[in-house]
Every structure is written in structure tokens, then in C-alpha cells.
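Hello,

Here is the structure I promised to pass on. Please open it first, then read my notes below with it in view.

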Protein chains: 4
Amino acid sequence: MGFPKEYQFLSELGLGPRNPGCYANGTWRGDGPVVGSYNPPTTIIAEVVEASIQDYEDGMQACTEAAKIWMQRGEIVRQIGDALRTKLQQLGRLVSLEMGKILAEGIGEVQEIIDMCDYVVGLSRQLNGSIIPSERPNHMMMEVGCVESPWNCGVITAFNFPCAVLGWNACVALVCGNCVVWAPTTPLVTIATTEIIAQVLEKNNLPGAIFTSFCGGSEIGEAIARDKRIPLVSFTGSTKVGLMVQQTVNQRFGKCLLELSGNNAIIVMDDADIQLAVRSVLFAAVGTAGQRCTTCRRLLLHESIYQVFLDQLTAVYKQVKIGDPLEKGTLMGPLHTAASKQHFASSIEVIKSQLLSNRDINRGEDLVGGAAVNSDGNYVQPTIVEISSSGAGRLRYNWYRPRYSPRKPELIFQWIGPHGSDCGIVNVNIPTNGAEIGGAFGGEKATGGGREAGSDSWKQYMRRSTCTINYGKELPLAQGINFG
Amino acid sequence: MGFPKEYQFLSELGLGPRNPGCYANGTWRGDGPVVGSYNPPTTIIAEVVEASIQDYEDGMQACTEAAKIWMQRGEIVRQIGDALRTKLQQLGRLVSLEMGKILAEGIGEVQEIIDMCDYVVGLSRQLNGSIIPSERPNHMMMEVGCVESPWNCGVITAFNFPCAVLGWNACVALVCGNCVVWAPTTPLVTIATTEIIAQVLEKNNLPGAIFTSFCGGSEIGEAIARDKRIPLVSFTGSTKVGLMVQQTVNQRFGKCLLELSGNNAIIVMDDADIQLAVRSVLFAAVGTAGQRCTTCRRLLLHESIYQVFLDQLTAVYKQVKIGDPLEKGTLMGPLHTAASKQHFASSIEVIKSQLLSNRDINRGEDLVGGAAVNSDGNYVQPTIVEISSSGAGRLRYNWYRPRYSPRKPELIFQWIGPHGSDCGIVNVNIPTNGAEIGGAFGGEKATGGGREAGSDSWKQYMRRSTCTINYGKELPLAQGINFG
Amino acid sequence: MGFPKEYQFLSELGLGPRNPGCYANGTWRGDGPVVGSYNPPTTIIAEVVEASIQDYEDGMQACTEAAKIWMQRGEIVRQIGDALRTKLQQLGRLVSLEMGKILAEGIGEVQEIIDMCDYVVGLSRQLNGSIIPSERPNHMMMEVGCVESPWNCGVITAFNFPCAVLGWNACVALVCGNCVVWAPTTPLVTIATTEIIAQVLEKNNLPGAIFTSFCGGSEIGEAIARDKRIPLVSFTGSTKVGLMVQQTVNQRFGKCLLELSGNNAIIVMDDADIQLAVRSVLFAAVGTAGQRCTTCRRLLLHESIYQVFLDQLTAVYKQVKIGDPLEKGTLMGPLHTAASKQHFASSIEVIKSQLLSNRDINRGEDLVGGAAVNSDGNYVQPTIVEISSSGAGRLRYNWYRPRYSPRKPELIFQWIGPHGSDCGIVNVNIPTNGAEIGGAFGGEKATGGGREAGSDSWKQYMRRSTCTINYGKELPLAQGINFG
Amino acid sequence: MGFPKEYQFLSELGLGPRNPGCYANGTWRGDGPVVGSYNPPTTIIAEVVEASIQDYEDGMQACTEAAKIWMQRGEIVRQIGDALRTKLQQLGRLVSLEMGKILAEGIGEVQEIIDMCDYVVGLSRQLNGSIIPSERPNHMMMEVGCVESPWNCGVITAFNFPCAVLGWNACVALVCGNCVVWAPTTPLVTIATTEIIAQVLEKNNLPGAIFTSFCGGSEIGEAIARDKRIPLVSFTGSTKVGLMVQQTVNQRFGKCLLELSGNNAIIVMDDADIQLAVRSVLFAAVGTAGQRCTTCRRLLLHESIYQVFLDQLTAVYKQVKIGDPLEKGTLMGPLHTAASKQHFASSIEVIKSQLLSNRDINRGEDLVGGAAVNSDGNYVQPTIVEISSSGAGRLRYNWYRPRYSPRKPELIFQWIGPHGSDCGIVNVNIPTNGAEIGGAFGGEKATGGGREAGSDSWKQYMRRSTCTINYGKELPLAQGINFG
């Protein structure tokens, strides 16, 4: 028995109705509980047999062995990129199906991992160290970025980017010489992606253990956090869990790369191009049904454009087509879980009661959307809430990643300068989301301070040593010290 | 009443018999307990009135205000370097007196902070960000390293480097635009150093609060760790305390720069220049009476040179002159505290009992030194203990920063390569200690992973943002996504 | 009428018996003389109709127009790399056929241009400029590397690397936003390579004029040197012609990138691995029949290994299989032209007469090889000549790119240090030839000082500006000057 | 007999009424003709005995010997900076006296060389090479920037910056390990500056030949251009002479760093801050009496602000105080030579005749200033000429370094982007002159393409090698080639 017709494309990704969820030591296995993966929220897509702790231990041993022979090989990652390219449509479709984002975004996400592959092929020839002048004659001082052997990189990903975040980490990690251990939230995308990578490794006669995946529950994540064989753990998820992971990893002297929650704002100034700003907010707030860590959650509007902006945004919101993410024209799919839908509903209730008790704002126009959509799926309306300025203060939204859209150069340069934004990502006339891979991605403060994808993020996937070689016959000391 | 004759030079550093230990908001004060600073261990040098928590709070408010106007100013740090240069002899002498290291090392340490000043003046014109090509037309993508305003950098230093570690951090922090908050262990060096810096600030009509010092107990360190006004805390000290500081700072989304304990080894291979290697070990193990974090604690000797090396080292050890660190010819001064002396004695007892029960090694020649010196001061003998190879295993000295001294190029390059050392500092034919400021200083694993002084250490004293500016009229999305 | 059977593969490259040699404005044309391309030296492969000056002018106009719209596009170069990959065998075979190098080297050369494509795709996201701290408040100082519009890059290539040198330049130039103008020496390889690139451009609806090729004589090279529309000319060839090109280009304020002749030496020290060194010399001296600019032309042997090294090398030289470069087992193909063969013969005559008059060396064993091979092709023997040390002086071979192979670390580090080699490429235990693309390729002094392929060579394909923006309301001057 | 009272400060710089003009091999000498140095144009300040060719040859031999022992020493340049600092007022005064620029500019120029000294002290620890990943196992690939020994850097300076340009070059050259050979135009500033540097060298027991100065005529410049002992020649002067120097240096395979003429424009857009722009033009056009290479020579005014801008500028021009550059309040001193004054007068005549024949512009208001000032000195009026747009075309001022002052961000970013300015220095809301040392200084096209002072200019003062070390036992070839 196979898939219904609309799921036939899953076969092209190597998926069946029930799938072992653990790729360990180069073979598919799974000794843990059987769980279903759902088209949010209710339709089951396929079943997955999760990894047990024994699966984990076996996989890690093989992975650690493989790390001893794995070197930086851009050529392998180039082939992975090509293999993903041939499955772009199918894998993008599966992302939409399992995660719930619209097809354009699902395909865009797979494109992002392909872009990462292409990018790191070149990067693999530029993982440069430095030669630094020594003050001592006949000494050579270097700063080398090397991967100690063995080095495994753990990647714990969240539901909202089932494969792009893996790509940011794994592509860089692989060309830096890391083996990769993946603990995902969305099993089917993981199995399909892993299978594509596994085939490339196999074709090149390399141990499959170089890339190891464990679909499983929180005990897998905890095992990774505690595992001394994994010097670097990249974690994407909530601030609360991220801090716990960090402490566990730090206690064993490992390093953490955190991508946690965000509370992003868009500031619209009086000189903004309103139309462009409205479109930016639409994508920033409604894209991925508001479930990105870069989703815009706050609008700070200059009073002179407040009403016109809000009117235009409200008009646009009302036209947003909500529904099946695979259907053409849909802009907003379901929330990923029923719990999210419930959380949405209760938050709206809290807001409504706050609005009622809040005498200083205009009633009636203070809430756009706010209702769950009556359907089987986890569908809700895109929502705007107006709050008083005192309310803004009370909510203690003082975190990170605000952006704005003025056209005055003095504002732009102040914004990106020492007295401007203190966020990790600062945009002007651009939505809060949709980063390019060439820059470093990450947020400050409660977002965890991690940096992934481009720029010099690769340095984190290596140990780094200051090496000095004395090739002379004397023993000069720094700072001109004489001793003995 | 002033100082006895041999302490007269302290007056030239602005010190008196009793000194307020807190430089806050540009004035000297101190509302806490009075403590004595001792020439280790017993002779009191002078008294210090420590900072109270109220002193701390007042100082931090002023410091945070000052940070709003402090910009990167290489010129000020240049003047600080020049001011220190005129007091090199006196301040170096005080370092020896209060800490206990020999005069050459005391002066060398002050020279290091002067070198840091000279270095960062040039660095202040090279704190570069990047402009990264954008895949979107009419977009400019940048990575800027900016100091958000206000930014204070906390520097908690240890007894063994009373001012060099301050120099590594403060010099870089100041040119990056940080205000500096210093919590030291050695009050007199701190007061003298702060006074030199304070005079430079005053001469330039800058608020003294730019550089704030709090001599005090552990409650000051704890206050810094918890203080949200201090985004970056640089801590030097034990691994145990360092991990606690890190967790406290991380919980409030601050960043930590750790320089913790070390367990450094020197490996001597069969092709080594024995004489050079013996001299290296002498400086590495005996320098600063073995109290550096980079002190060599372990020797791994190739069997073919084992005995000849040990014979030469033993001969050299027996000639080490122990005594007053200010006296000419002394190579080894006292330990810093009486507790250290006691710890030394009890460790020797443990070792002796282990040796007795350890049948597989040669008795009689297995312990060189090992006795405390009978005197008032905290003097002990430089000590060599031979242990069995199984013993080496038992002690679990498996950490970091080993170095060796071969002359075979294949060994050297393997050593600094992916299958070589996993330490933060890797030397060849050089002692474990005595780093140059141009390279990044720091160790991996239990040493905390921090990097200070040269290379790109400065990046940590700034926030870092990926900024993208859309200066066109369109709203292209990354990964070619179309939305709406 | 088509090709004989052994040339059938040329059809797969789009070649026919007579081919237009000019790809200008996106179409194949040729209004100049008809020339034959020969399998060195006598067998005609195919005919080419060369570019006339009118072809050149038409092509350059279109190319300059195309440059106005061509932006940095890694994606296009990625596709070019993939297209070349599918033709690797055929194009490598054609390189061997037309140039004369053995098949492994022909394929290796095509692999190199493919590697360059893969490499620059990543590089295209890292063509970074800098943001430099300004000493003036409210100023932003940047160093940007931009391509002014339009920018064309001229690439004049030599016979010995018919396509790799094009790859070094064109791949980087294209991702930097340059249009490329190619003037080659080997027409068939150029036509086949251009056709592959042209198809990619066409598939992407881009103007073919982005990549323009002119097979032609010296008047095409001269036109490029004089052409103000070509800000950068990369020239590979003789030192004599290179200096002339440089002067012509400089006079019009253009820039030159020169890769000229080399006179490379291998130094073998007393501690060398003789077998490895002999193999290195074999590849360095005999590879490409000694026609690389990196070919080893001189051996400097330590006296203690002189005879044993020479004996082994002589033995190896005698086993070198000379013949058809496409045949399996051949190590040495023909010289590229009959003139080269004649030059070889006359050089040997000069050497023989010098040897006769040179009384201080051992007669009889002083010349290995030295004869032309009796056949239709341009085949000659690999040759070793011993000269007296005074003779070495007389020959004034004091230029560049020596390398050696010791095992003593002090020698290695001196060699690559300030008192060591003054060459552009310095190798240890590696032949003089066979560079990796990740490093910058080029030689000092008479080799022209150019740097191509990896490292920061890309910076030459851009203009570079120091941009400072004052976004404040004041007009502070540098160096604190007050004016008016 | 000494100096008149107003020249007494010259004695503090070590100058007398007649001075040997050559500092060679650590001693002052001069065997050439005696020339006078004039306070422009007529008052003699002091006499100088120029260098003969024999002086040159003796000096170069000593310099080349000294280069063999001179290493990078930031400490020496730090002391030079301090020594200059103590003579800032006197040397700045001499610059004004001998060159003719106003005192604020004279002191600013000396400050610039002091800034350079401070800057390169830090830079000396950051002259970094790279370690680049190798595709071959057991290979280490590096890019090192080393100074071959011996290396001398020739610096030929122009009258308009008697010491700042020396500072840009010499400071960097010295920390890179070059000896410096200076051929100036203004002998007294050179003698005084050299004496300051010589004393520092002497105090440190270093050979004076490390810094060698030759006051002399064009034969000294020609000797430098031809001298193989000088791998790098930095030349500041006219485009015509610069191209000749470049060809001579290139012929001997040396390198040239050119800073030639400029024809700089300021573009004022309709949204400009007029007051700020007028002040910018004043400093840019009138500063140094218009004799900087960065002097603004052209104004391109948006028609909407044309008249108001011109009115304000004319008003400001009329208030410019012309006269003794040492006198307080003077904004414009004399031209440097009588020939310049004559050239000014004849140019004005040509312009007047052109204006008469040019019917399409408004007569009467088309020339502001334009007269020589009736006095003994070379004083002329600051001058504005209006030309027709067709005239602008005819003058073919199409070179380089334009800048403008808009407030629209899209204009700013276009201006510094690929379709914007093609100049080496691009400013916004900043005069054309007055560069900071942290950026690279230099112009494109007829300005010669050189880059001096900050950024990565230091790389030019070194040779650069791609070094690869094979430390394994195999001989893998790049591109996977198998040979033999």
C-alpha cells in the first residue's frame, strides 16, 4: 500500500508510509516509538520510527570514527547541492506539507540549502588562518583554524525551518571537516534530506556516518547537549530551552551556537515609501504564518503616517488568502500545531480584556483579525492590535532586531551606527525576515548571540590556535624579559 | 608618617599608607572594610579601604553615563601608554612587591600593558567592518562592529598578572568605545595603575568614570556578573568560579570572556635541542614561581632522551636562587599566599604516599625539590616528580595547551595541523608561557575558550550587526521568493 | 564531409572542418584570414576564419554595451562550470590534440577551469569591502571594491595553457561584473570553450557579448592593449612582449596583469628524500614537454647528494616515453611548434660547444638526452646538462621562483622568511609546477609581478574607492585642521 | 652669523644658513651645487649643498648594506613619532615658510606624519599573511608578505606636501623592514625632518643609512628610477613625469606607486546643505592656495541651486584674506613659484578670450577674482570662472575624483556603487581634500592608481609569496593529475 495520489511525490524522495527515523553508521534504523507526521494539524502523512538511546549511542560511535578520516571536501558538498537541486520541487513540496508554510516559501527554503552548498564549495578554499608578525627574531607566529580530530557538530533544528537551518550549519560544518549529527523536529523532511545526502556519500565511497540523523524526542537533544564527543552544538528553538542547552554544553566545556526567539519590530518614519513599507510588513508578519524567529511582531509608526499606514495595512490584511499552503494564491497556511492555535486564541482573549480596560485608545478599530478560522486545520487570521504607548512600555518589548524604513541618510547612518540599533540584524526598507546567506545570521541578547550561514561564521566550526615556532637557536622571551 | 625607605618609590605612584580603593565617578573613595596588602606573606605594604556596594552602584551609574559620550579614541590610550612608560620602573617594582614575581617579570608585565597601548593606537584605525555583496540589486549589505551606547566592559583580574591582563582587556575595550570597570585582586597595583590612567583622562577633560576601579571582595565580582549594564565580562581565575560567572552572565544575556586554569605540558622529542628545551622548561615551570596559568605542569619526555634531559633539568633546578623577588639574581620569589604554601606541602605529601605505593618506578630519584623553604616568606622549592605512565593516566591530565620541541618538519606541521594539538596556544621550541600580544591569548576546554590581546580579539568588545539597506524602489526577496 | 574517426569527438564540441573564429555580439563570425590549427606540428585538425579588425570593433561595441547590464552573478558561472563538466573528456582531449600536452594534463587543465568556476561561485558572496573607523564624528569611511560600468577585462592567453589561464581570469572577472574579451593562441580550444559558455549565456537570456572571443593575430592583441574600453588587460606570454603590452596599457591609464617567462630552479639539499625529489624534478621539467612557465629549468644540487641524485634522474629520464600525447603511457608529447624544435637543437649546439671549451667539468656524462627524436612530430629528448659553477654564474640565471626540498625546519622557515626566496611561488618538497587555484599564482621580477586565480586576486578586477560620508551637520577636517 | 629674529626657530630644527643636503651612510654631506631655499618667492631662507651623483652612490651602498640588518621595528617608528611631536610647532612653521601654505595647514601636515607613526606602531603587529586550505593532504599553503633582504624604498616627493607624503610612505616602509631613500623638492623641511629621524636611529645604535635623504635635482630622481637596488619607487608629481618614471622602473622589473595630478570636481545637488557645501568648496579650492593634488578644480551645480550657491561662494571668496601664511587669519598664502604665478596669469588670459567668444553665457558675472595681487610675493586671487556646458565638454575634464553632497540616500548609495563614481576617493558632504590616514589614499586613471597611507597599502612594501610545504611522504598533484 502506498500514498494517496496527492502524496505520490513522496516516493520520489524515498519515503514510504512507515519510515525508520535514524540514519546511523550509514544505515537506516529506528528502535524507538512510532510517531506520525501530520499535515498540520490532523491529516497523517506518514509514520516514523524514532531513534532510541541505543540507536543514538551506536550512531555516535560510528560518527566519531568517521570524523577521524573526514577532511574538508568541497567537492562532496558540491555534489550534495546538485543532488538537492534535482529534488528541489519535491522537497520544497514536502516542506510545505509537513511544516505548513506556502509552497513558494517551501521551495525557497530548499533553494537556501542549495545556495549554501554552492557557497561553501568556494568557501572551502578560503578557510584562512593568519600569519602574524612576531616580535622575536627567527620566530613564526600563526593563527590556524583547524578541526581537531575527531570533531562532530550537533545541529538541533526547529519546526519552522525544517531544512534551511540544517543547511546553514551542516554545509559549513562539512567543509570545515566536521561530521554532522542532526536532531530535527520535522521527521519526514529530515529523512528525505538525509537520504539525498546519504546517497552522495555512498557514491563517493565515504562512510555514511559522516552525516548522522536522529528523529526523536527531547532525550535525543539532551544526549547531544551532554555528549563530550560533540564539541559544538548549534541549537534553534526557544530562549528558555536554549539557555538550558547552553549551560549543559558549557559545563562540559563545549561550545553553543544559539538561534533563539525574536521580538522584531519595524519602525516606519514620516518619510517612508508607504507602499513599500506595507508590503514589507505583510511579508514580515504574515509570511510563514508569523512563525519565523524573524517574524515582525511590533510596528512603531510615526504619528504623521500612522493612520494612512494602518489603513493600507488593514486593507492588505483583509485580502490575505488563508488555506492550503500547496494551493496557488495562498499567502498564509496553517499554524504548525494545534497548541499554537490555542495559544493564539488565548492571547487574543487577553488582549481583548486589556483593550477593554484601556480607556485612552480608540475602541472599534483597535483589533484587525484576531479570529481563528473555522476549519479543520490550524488556521487563524492575520491580526493587528493597537496598544497605548503606556501599554508598549508595560509589555517590556525591549529586546532586539528592530528595523525601520526612513529615506533620510542621517537617520540611516545613525541607525546602523554606534547610537543606533543594538540588534544582530538591522535592515532598512527591507522586511525583518528573508536574510541572504552571505551575511551572518543571528540576534543579540535573548536571541542567543549566535551567528550562522555567511561571513566568518565558519570560524566557530573549528578550533583555533595561536601557534608560534622558534626556528632559531636562541630563546628570546616576549616583552624583552631575561630569565636565568 | 610615610613609608620605610625601601618603599619610598610607592609615593611616586601616588600611594600612601592607607588608600581609598575605589575610583568611581572620577574620584577616589571607599566605604567598605579596610584591608592590608602584604608583601607575601607577612609584611604589610599599605592599607586599602575597599569599595562598598553603594560605592559600586554610584560608580556604575557614572560609568554608564560616561559610556554615552565616550567614543573610540586612540589618542587617549596613546597618552596612557606614555604615562605608564614614565612609571615603568616604579610600577614594575610594585608588581614584584605586591604579587611576588621577580623584578624582571614585574617590569616585563608593565611593559606588556605599555605594548598593548602602543598596539591599540594603530588598531583603533583598523576596527574594520565588511561590505558584503548582496544578491539583490540596489541593496548594500554590511557587517558592522559597533559599540552600542552605553557599553561597559567588566574586567575581573587575578593575582598572578596584576596589570597585564587589565591591559589586554582595557586597551582594546577603550579604543572600541567601552568604558572599563575593573575588579582586581591586588589592590595597590590597581590603585597605582588607575591613578596613572585617571590623570590622563583628567588632563583631556574627560570624565574619570570612563575608567572605574573597585577594589573589593567577591560581592563586587558577583555584582558585575549580574549587572545588565555590563554586556561583556572578562574573567580571569579558576575554572570553577569562571563557569559560575559565565552562567550568571549568560542568564542575563551578557557575554563572557574566560581565561581559566591551565594544565600545560611540554613534550620533548628525541631530536630536540636539549639545552634549549631545558631552559624552556626552567622558565615555563619556575617563572612566576609556577603560578602562571601558562605554567608548565607536565613533562612528556621521549625515552631516548629521558635521562639526559632529567639530569640536566635537575642540575639547573638545584641552582635556582630562591628569595626576595626584588633582589638581583633571584629567579623564584614567594608564593602569593600562605594558603598556596600549605596546598603545596599537602600535595607533596599525597605524591610521596603515591610514590611509596607505586612499585614500578625507581625510588630515590623520583622527587627533586618538594620542600618548603624554612623562612618567614611563602618560599618553596621548585619540584620535579616522576610518575609511572599508568599514574599519568590516573591523574586525568587530559586538557590543554601541550607544546613540544622537535626538529622534524613533519612533526611540527602535524602538531599544528588537524591531527595535532587541540590547545589554544601551541608552541614549538618555546616555553609554554610568555605570549606576544600580537596573537590571541587563550585556551580551549577547561581554560574557557576566551581570546584576549591581539588578532581579532577586539571583535568581542563590540556588538556586531548584519545591516542591509535597500536603496532601490523594488522589494526583492532573498532566495528569489515571491510573496503576494 | 566531417572529421576522420579519431577526431569525431570534435563534433561533440561543436567544431567542424572550418570554423568562424570570432564570437562577437553573441554570434559566430570571422572576416579575417583562414588559418589551420595543427596537431603539432604537421597534421591539420581544422581551419579557423580569424577575426578582422572590423570584427573586433563590432564585438567591442557590443561587449561594452553588455557590460552596462552585466552584474555579479555566481549562478551563471556555476552553470558554466557544470556545462564544462559534461564536456571534460572531449575538451581535455582537444587540449592535448591542439597543444600537444599529454591527456592527463589536458584533462587536468579543463578540470582547473571547472574548479575555478566552482570556487568563484562561493567567492561571489565574499567580494568584500571594508568599513574603516573614521576619526571624525558622524562620518562613515568605507573601502569599496566596485566595478565601474562598463568594465571589460581583456585576457590574452598563451599556447601552453589554452584554457586554464582563461579560467583563472574569466571566472573571477565574471563574478566581479566584468565582461570578458579573449584573445587566444590556440583557436580550436577557444572556439569549443567559448561555445560552451555561449550556450549558458543564451539559456539564461543574457547577451552573448558578455563573453567575447577573437581568434586572430598580433593586431588583435595590439588593439586590446590600446583600447580604452578595456581597463584591465591580463597578458600571458614572453617577458619582452609583456613589457610592451604593459607600457601601451599604462599610457592610456589602464592596468596590466602579467604572467611572463620563468626560470625556475629546484634546490636539493643533503637531507632531501631523493626519490621524492627525483619524481618532483621529472614532473617539473618534463611535464608539458618543459613548456610551462613554471617548468623547472635549473637544478642546484648539494654536493653530498649530487651524484646519486643525478644517477637516479638520468635513469628516470631514459624511461620517459615520448610520443603521441593521447596515447596511454606517454609522458612527453611534442613541442608546440617546429620553431621550438629548431630552437632546442640550436641551443644544444651552443651548449655542446660551451662544454667542449669548459675544461673543469667531467666530459662524457655531462649531457643526457639532447637529441631531437627522428619523427614527423616536434619530438625532442628530455635533456640534462651539467655546467660548471662559473658557467652557472655566466648564464645570469638569477631570477625567480626557486624552490628546494630539505627536511630541516630551520631551512624551511628561513626559505619562506625574509632572508629566503624572493620568488612569487615558493614550494618545499613539491615540483615547481602544478599550483592550486586557492593560492595566488604569479612570479616576481621578469615574470611580471601579476597574481591570478585565488587569494585576493579578485581585487584587481574591480576599481577600488575610499568613500567617506559625512552624515552630520558639522564639517570637521582630518588632522584637526581649522580652516576659515 | 645666524638667522634673523623671525627665523630663529630654524636653529631649534638644527638648520644653519648653509646646510649639507645629503644624509648618507649616517652622516651629513653634500658635494653638489649650492642652492637657496626661498620663502616664496624671493626671500632666501637658507642655502643647501645638494647631493652629487657620488654622494648618491655612496649613500645607496650604505643603505643597501643597512637593509640587510634592518627588521620591522615598530618601536623605532614610535620614537620617531615622539621626536616629531616635540618639534611639531617648529617643523610646521618651517613647512609654512618654505612651502607657503598657512600655518594651520603646515602644522596639520606635520601632525599627519606623527599620526602615521602612531598608526604604524600598531600596524607592525598586523602585517598578516594568510594560511590557505590546501586541496592536497599533508600540505600547508601560505601566503606570506615578506621583505626580501635587502629592500630599499625610494620616495620622491613634491613641493606641496613636503613631509606628509614622506610620512605615508616612510612610516609604512620602515615597519615593513624597508630602508628609505628620500628625494624631496623642498630641501629645508627634508633636512630638518631627516635630522629628527637620524637622531632616533643614532640613539638606538642603528645605522643612519636606514634613512637616507638626497636633496638634489632631477638626476637624483632619475638615478632612483633606474636603480635596481630600489625595488619600489613611490613618486608624487605630475602625470607626465610619473609615467616616465613608471616606464623606467618597470623596465628593470621594479614597482611604482604613483600619486599624480588630479582634476577634482564637487557636484552640488538640489537637496544639498548649501552652507556646508560652500564651506567645503572654500577649503577644497582655496586651501594650500589650490596647489593640492586633491584641490577642487571644478564645480557641477544643480540648476535649481546654481545662483544661490554661486552668490554665497562669491561672497566668501571676497573675504578670503591673502598674505603671509604665518600670519594669523590668513587663509591663502603665496603660490610656491614665480612660474606658477605666471602660469596663473596666462591661464586667466586664455579664459578671458574664451569668455569673450562665448556668446551663450552671462557676461560680467562670469569671472570672480582672476587677478594677481600686486605684491612682491607670488600672491593671486581665488578665482571662479563660469563656462558654458559645451565648454565643459570641450575641456575634456573627464577624469577622476568627483564628489558631491546630496541628502537623498538613493543618490548616495548609487554614487558609491557600481554605477557611481569611478574615482579613487569618493566623498559625500566633505571637501575633496583632507583625507584621513586610515583609508587608502590615491586616484584612478591619470592619477596613477597608487594607494598610500592606510588600509592595505602596506602590502606594496613587501614581496608576496605563495608558499606550499609538503610535509607528507607522497607527492600528490593539484587538479588530481597523475604523472608517471
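**Where chains D and B meet**

The contact is built from 17 residues of chain D and 17 residues of chain B. Keep in mind that this is a predicted model. On the side of chain D that touches chain B, two elements give two or more residues: helix H5 (103-123) and helix H14 (409-415) of chain D. H5(D) gives the largest share, six residues. By type, the residues on this side of chain D are nine nonpolar, four polar and four charged.

**How the two copies are related**

**A sheet in chain D**

Now look inside chain D. Seven strands form an open sheet there, in the order S3-S2-S10-S9-S8-S11-S12, with mixed pairing. Which strands are at the edges? They are strand S3 (27-29) and strand S12 (255-259) of chain D, and each pairs on one side only. From one strand to the next, the twist averages 20°.

As a reminder, strands of a sheet pair through backbone hydrogen bonds, either parallel or antiparallel. Strand S8 (residues 152-156) and strand S11 (residues 232-236) of chain D run parallel, joined by four bridges. Val155(D) has Ser234(D) in S11(D) as its bridge partner.

Helix H6 (residues 164-175) of chain D lies across S8, strand S9 (179-183) and S11 of chain D, and runs at about 175° to S8(D). Helix H8 (residues 218-226) of chain D also packs on the sheet. H8 touches S8, S9, strand S10 (211-214) and S11 of chain D, and its direction makes about 145° with that of S9(D).

**An annotated residue in chain A**

Last, go to chain A. An unreviewed UniProt entry carries the annotation "active site" at Glu259(A). Glu259(A) lies in strand S12 (residues 255-259) of chain A. Is Glu259(A) buried or exposed? Glu259(A) is buried, because 28 other C-beta atoms lie within 10 Å, and 20 or more count as buried. Leaving out residues up to four places away in sequence, Glu259(A) touches Thr236(A), Cys293(A), Gly442(A), Thr447(A), Gly448(A), Gly450(A) and Glu452(A).

Best wishes

Definitions and conventions: Residues are numbered from 1 along each chain as its sequence is written. Chains are lettered from A and ligands numbered from 1 in the order in which they are written. This is a predicted model: local features need pLDDT of at least 70, side-chain atom pairs count only at pLDDT 80 or more; totals for chains, interfaces and linings use all residues. Two residues are in contact if their C-beta atoms, placed from the backbone, lie within 7 Å. Ala, Val, Leu, Ile, Met, Phe, Trp, Tyr, Cys and Pro count as nonpolar, Asp, Glu, Lys and Arg as charged, and the others, Gly among them, as polar. UniProt positions are given in the numbering used here, feature names are shortened, and annotations may be inferred rather than shown by experiment. A residue is buried if 20 or more other C-beta atoms lie within 10 Å of its own, exposed if 12 or fewer, and partly exposed in between; C-beta atoms are placed from the backbone. Two strands pair if DSSP finds at least two bridges between them. Axes are lines fitted to C-alpha atoms, for helices over the stretch in contact, and angles run from 0 to 180 degrees between N-to-C directions.
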